[in-house]
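Me: I am new to this structure and would be grateful for a close look at a single part of it. Please describe that part and its surroundings in one connected account.

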Amino acid sequence: MKLIFGANGQLGTDFKELFDSIGEKYIATDRDEVDITNGDFLRAYIKTMHQNYKIDTIINCAAYNDVDKAETEKELCYKVNAEAPANLAIIASEIGATYITYSTDFVFNGLLEGYLYNENIGYIEEDEPHPLSTYAKAKYEGELLVSQVIENPENTSKIYIIRTSWVFGKGNKNFVDKIIEWSKEKNELKIVDDQISSPTYSKDLAFFSWELITKGCESGIYHFTNDGIASKYDQAKYILEKILWKGNLIRVKSEEFNLLAERPKFSKLSCKKIKEKLGISIPDWKNAIDRYFKESNK
């Protein structure tokens with residue numbers, strides 16, 4: 001039996017749809033039912049579920065994702081993004097379950113030298129993180145704590161950390177939805193062109209995560225995004241062209257918005273490792289947006 005935390009968000013929603021389509025049994029929980037920041041309750045809950053249903057895989061889709069708000073809610077951000085993923089890893093190891101959790105391209109500071117607009121260019125799993133914001137620091141702390149469980153000689157569970165970027169999907173309002181919404185309200189939109197990474201469709205993220213698990217790949221950190229590279233401006237331009245918006249799209253720099261949290265300017269992740277492990281090509285981000293439009297009736 002599979003156990004999903006954060007099951008009502010974008011990624012959790014796509015895991016449920018994936019499991020429904022292949023007939024995989026799962027228990028889906030969200031924060032209304034299980035507070036993952038309460039370690040004692042979390043342990044008791046999972047142990048009970050394991051006793052009753054034999055949990056073989058734990059999937060952590062829960063996360064604190066408000067990058068700016070995290071600057072004023074540091075404690076909560078660390079509890080959700082660092083402590084909870086670590087507790088889940090420990091419990092998964094104790095019951096012998098496979099465990100997968102998610103991190104972010106924001107663990108990098110964007111100062112990678114000599115990058116080019118090239119599919120193979122970007123941060124690799126072994127590059128040293130230098131997180132800039134509270135959100136990113138908490139995610140990196142989560143990576144370190146989960147990695148300690150992976151490296152424990154007594155651990156026999158497969159444990160995966162997947163770094164991803166700019167996720168969009170059906171579960172929550174995302175950048176694609178926001179651009180469409182803003183386009184209905186305004187004739188002029190200002191979008192930054194100095195934040196560069198790759199959009200990621202949560203449906204593809206769920207599929208590739210499941211492939212990692214079912215193929216029994218070794219534990220550790222993996223990068224997954226849709227293929228290609230884009231700025232936020234490039235992504236917005238593609239979305240607005242799809243909906244035939246007639247307004248004016250203006251390039252601006254991040255500094256114009258005076259956001260609380262600092263973001264990396266370049267955080268493209270290289271997905272070479274996961275492609276080689278699975279032997280599957282990854283759809284590019286424009287194809288992903290096309291499918292999202294079709295599948296969510298945009």
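Reply: Thr13 belongs to helix 1 (residues 10–22); helices (H or I, at least four residues) and strands (E, at least two) are DSSP runs, numbered from the N terminus. The model is predicted, so local features need pLDDT of at least 70 and side-chain atom pairs pLDDT 80 or more, while totals for chains, interfaces and linings use all residues. Residues are numbered from 1 along each chain as its sequence is written, and side-chain values use heavy atoms, without hydrogens and water.

With a relative accessible area of 16%, Thr13 is buried (under 20%; exposed is over 50% and partly exposed in between, with a 1.4 Å probe and protein chains only). Beyond its neighbours within four places in sequence, Thr13 contacts Ala7, Asn8 and Gly171, contact being heavy atoms within 4.5 Å.

Helix 1 also holds Phe19, which is paired with Trp210 of helix 6, so parts 191 residues apart in sequence are tied together. The ring centres of Phe19 and Trp210 are 4.9 Å apart and the planes lie at 70 degrees, so the pair is edge-to-face. Rings of Phe, Tyr and Trp (its six-membered ring) pair if their centres lie within 6.5 Å; planes under 30 degrees apart are stacked, over 60 edge-to-face and the rest tilted. Both Phe19 and Trp210 are buried, and together with Phe15 and Tyr26 they form one aromatic cluster.

Just after helix 6, Gly216 adopts a positive phi of about 65 degrees.
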